Amino acid sequence: DVSSSFVLSRPATGSGSLERVSDTPMATARILDFINTRRPEGPCLVVDLDVVRDNYSAFRHALPDSSIYYAVKANPAPEILSLLASMGSSFDCASVAEIQMALDAGATAGRISYGNTIKKEKDIARALQHGVRLFAVDCEAEVEKIARQAKLIGAADTKVFCRFLQDCEGAEWPLSRKFGCAAEMAPRVLEHAHRLGLQAYG
């Protein structure tokens, strides 16, 4: 079934035109054929899963010694998450809901990072209960929240890593004003984590 190779999703608001889809460089011949054949009504996003597969494979080949974490918030379509999970991808999740999406798609908890650096303690506890053990931090206060919850459930294998502050020059979606700690601050944050019984992971 050709539809199993595509993801079709619709935005909650906005408008678009099928006639303009051919103007975009990401419109593969398969996508154009799919749209012309199915003629979905209204604005929509069509993703060719073969392109997702090829891009992930190319990325993994270019970085063979690295773990690749797909940011679920980029596109949480179940078809995309399931494909990436089946290929061995790890997942960066910004919320408990995204953690559940990754798990539902077939990812193991050991392949999930809770990448949001501003987490509620109840959400940290929920993530730990799901088996997630890797958390992003950018300050001592965040380390302390994770340490408290890890101690409560006896999760001695909980790891934290520092999210660095970057200038993000040239980025289409800069986050430099939202998250991250300066490089010179990171050792202090990770040393604090070690003192509190967490594993300083990176």
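Reply: Among the contacts in the chain between residues at least 6 apart in sequence, 53% join residues at least 24 apart, where contact means heavy atoms within 4.5 Å. This is a predicted model, in which local features need pLDDT of at least 70 and side-chain atom pairs count only at pLDDT 80 or more, while totals for chains, interfaces and linings use all residues. Residues are numbered from 1 along each chain as its sequence is written, and side-chain values use heavy atoms, with hydrogens and water left out.

The chain has seven helices and eight strands, taken as DSSP runs numbered from the N terminus (H or I, at least four residues, for helices; E, at least two, for strands). Of its 202 residues, 37% count as buried, that is, under 20% relative accessible area with a 1.4 Å probe and protein chains only.

The part to examine is helix H6 (residues 140-153). The axes of helix H5 (residues 121-129) and H6 come within 9 Å and cross at roughly 45 degrees, the axes being lines fitted to C-alpha atoms over the stretch in contact and the angles running from 0 to 180 degrees between N-to-C directions. H5 and H6 are therefore oblique to each other, a term for angles left over once those under 35 degrees (roughly parallel), over 145 (roughly antiparallel) and 65 to 115 (roughly perpendicular) are taken out. From H5, Glu121, Ile124, Ala125 and Leu128 meet Glu142, Lys145, Ile146, Arg148, Gln149, Ala150 and Ile153 of H6. By class, this contact has six nonpolar, one polar and four charged residues; Ala, Val, Leu, Ile, Met, Phe, Trp, Tyr, Cys and Pro count as nonpolar, Asp, Glu, Lys and Arg as charged, and the others, Gly among them, as polar.

Within H6 lies Gln149, which counts as buried because its relative accessibility is 12%. Leaving aside residues up to four places away in sequence, Gln149 touches Glu121, Ile124, Ala125 and Leu128.

Turning to the other helix, the axes of H6 and H7 (residues 186-195) come within 9 Å and cross at roughly 20 degrees, so H6 and H7 are roughly parallel to each other. This contact is made by Glu140, Val143 and Glu144 of H6 with Arg188, Val189, His192 and Ala193 of H7, a set that divides into three nonpolar, one polar and three charged residues.

Note on methods
Buried < 20%, exposed > 50% of the residue type's maximum accessible area, 1.4 Å probe, protein only.
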